[in-house]
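Keep the chain in view while reading.

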Amino acid sequence: MIDSEPAVLVLEDGTRYSGSAYGARGRTLGEAVFATGMTGYQETLTDPSYAGQIVVQTAPHIGNTGVNDEDPESRRIWVAGYVVRDPSRVVSNFRATRSLDDDLAGNGIVGISGIDTRALTRRLRDAGAMRAGIFSGADTALAADEQLAIVRSGAQMAGLNLSAEVSVSSATVTPAVGERLGNLAVLDLGVKQRTIDNLAERGFEVHVLPQDVTLEELLAIEPVAVFYSNGPGDPAASGDHVQLLRGVLDEGLPFFGICFGNQLLGRALGLETYKLPFGHRGINQPVLDKATGRIEITAHNHGFAVDAPLEGVIESPNGYGRLEVSHVGLNDRVVEGLRALDIPAFSVQYHPEAAAGPHDANYLFDRFRDLVVADLAKKN
């Protein structure tokens with residue numbers, strides 16, 4: 001049952017949206033962003049890449065299929081806050097074990113409902129992603145200027161490193177499915193379960209390693225390749241992960257990175273990254289694979305991007321040979337993939353595991369397996 005306790009969403013530019021409390025009561029701060037997926041709210045909430053962000057769902061009706069124990073993409077909900085228009089009053093799905101409202105409250109996630117999310121999304125598109133706060137319960141009574149001051153005292157996403165918050169603290173191992181290809185070192189910067197499953201299904205014994213692992217510790221598992229996951233934060237604040245990746249590339253190990261991993265490969269190769277005005281978040285983003293000319297509908301969740309020329313071949317400023325942009329976003333011509341031509345390394349900015357989302361890009365896991373098989377054949 002949805003109640004009507006008051007709540008307010010405050011943006012750092014002073015814009016205010018009044019609504020009803022949803023989930024836990026209290027105060028939360030984060031970067032306000034919008035996600036355009038019409039389905040998959042449970043996967044969105046449990047995607048570690050949303051750590052530190054207040055997520056606005058553009059789909060107007062949320063929660064109708066409830067929550068189950070099969071669909072989480074990680075061990076907990078990661079969003080800093082949650083904004084919806086019309087939360088479902090009833091749960092109607094045979095797999096549901098509880099309501100979304102109860103799950104938000106149980107995880108201490110402060111949310112707000114009854115917001116005109118279309119107007120809010122247009123505001124974020126025009127002004128860009130920005131700091132925000134949700135105030136409910138006793139915090140609703142705070143003066144408007146006090147709430148705004150609290151929001152403006154919050155952390156900026158630019159320059160923020162969140163990897164330690166989302167990464168595992170000790171290594172975990174997922175056995176290979178079918179014929180075993182070898183050990184795969186996965187740096188956990190916020191990895192999703194469906195990514196681990198896809199890699200295991202390609203014959204990798206998947207070793208998910210803490211974000212602070214050293215190169216010596218990584219090499220000790222004798223990996224046939226290395227994978228960097230998605231994750232939250234600013235890639236410019238992840239110098240240690242870039243140095244670790246340069247060590248991996250110097251060892252000649254095949255590499256595949258997605259999302260945050262794409263940005264870190266770009267920086268390891270010597271390219272710069274930058275913050276997008278309002279980012280890409282949703283499961284309906286068109287991307288061109290330049291190698292095949294095929295257009296894929298893909299799942300995105302990123303607020304930063306790699307700065308590189310979309311056409312032609314360039315030299316890696318850090319001495320890793322030739323490289324090119326392999327994939328391009330068709331909404332705004334953002335770099336969506338990199339391919340090194342002289343070392344076995346490539347990456348994409350989006351999510352081939354597609355949880356939730358279309359499976360058009362799932363072939364990238366096969367492309368990675370083929371790269372590793374070819375590298376092993378060459379070395380043997």
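## A glycine after H6

Which residue just after H6 takes a positive phi? Gly203 does, at about 95°. The model is predicted, so local features need pLDDT of at least 70 and side-chain atom pairs count only at pLDDT 80 or more, while totals for chains, interfaces and linings use all residues. Residues are numbered from 1 along each chain as its sequence is written, and side-chain values use heavy atoms, with hydrogens and water left out.

Helix H6 spans residues 193-201. Helices (H or I, at least four residues) and strands (E, at least two) are DSSP runs, numbered from the N terminus. The buried residues of H6 are Thr195, Ile196, Asn198, Leu199 and Ala200. Buried means under 20% relative accessible area, exposed over 50%, and partly exposed in between (1.4 Å probe, protein chains only). The buried residues of H6 pack against strands S10 (172-174), S11, S12 (204-209), S13 and S14 (255-258), and against helix H10 (363-379).

## Two domains

The domain assignment gives domain 1 (6-153) and domain 2 (162-379). Such bounds come from an automatic or database domain assignment. The domain centres, taken over C-alpha atoms, are 29 Å apart. Across the boundary, 24 residues of domain 1 are in contact with 25 residues of domain 2. Contact means heavy atoms within 4.5 Å.

## Cavities

There are three cavities of 30 Å³ or more. A cavity is a set of points, on a 1 Å grid over the protein atoms alone, where a 1.4 Å probe fits but cannot get out; lining residues have an atom within 4 Å of a point. Grid points are joined across faces, edges and corners, and a volume is the space filled by probe spheres set on the points.

The largest cavity holds about 170 Å³. It has 18 lining residues, and Thr44, Tyr50, Ile283, His300 and Ala356 are the closest to its centre. Helix H1 (41-45), strand S15 (272-289) and strand S16 (294-307) each give two or more residues to this lining. S16 gives the most, with three. By class, the lining of the largest cavity has five nonpolar, nine polar and four charged residues. Here Ala, Val, Leu, Ile, Met, Phe, Trp, Tyr, Cys and Pro count as nonpolar, Asp, Glu, Lys and Arg as charged, and the others, Gly among them, as polar. Each domain supplies at least three residues of the lining of the largest cavity.

The second largest cavity holds about 130 Å³. Its lining has 16 residues, with Gly231, Gly233, His302, Gly303 and Phe304 nearest the centre. S16 again provides the largest share, here four residues. Both domains also contribute at least three residues each to the lining of the second largest cavity.

## Nonpolar cores

The largest nonpolar core has 35 residues. A nonpolar core is a set of buried Ala, Val, Leu, Ile, Met, Phe, Trp, Tyr and Cys residues joined through side-chain atoms within 4.5 Å. Val226, Tyr228, Leu245, Leu249 and Phe255 have the most contacts inside the largest core. Elements giving it two or more residues include strand S13 (223-228), helix H8 (239-250) and strand S18 (322-329). Another core, of 25 residues, lies apart from it; Leu181, Ala225, Ile258 and Val348 are among its members.

Beyond four places in sequence, Tyr228 touches residues including Leu187, His241, Phe256 and Leu264.

Note on methods
On a 1 Å grid over the protein atoms alone, a cavity is a set of points where a 1.4 Å probe fits but cannot get out, and a pocket is an open set with protein on both sides within 12 Å along at least five of seven lines; lining residues have an atom within 4 Å of a point.
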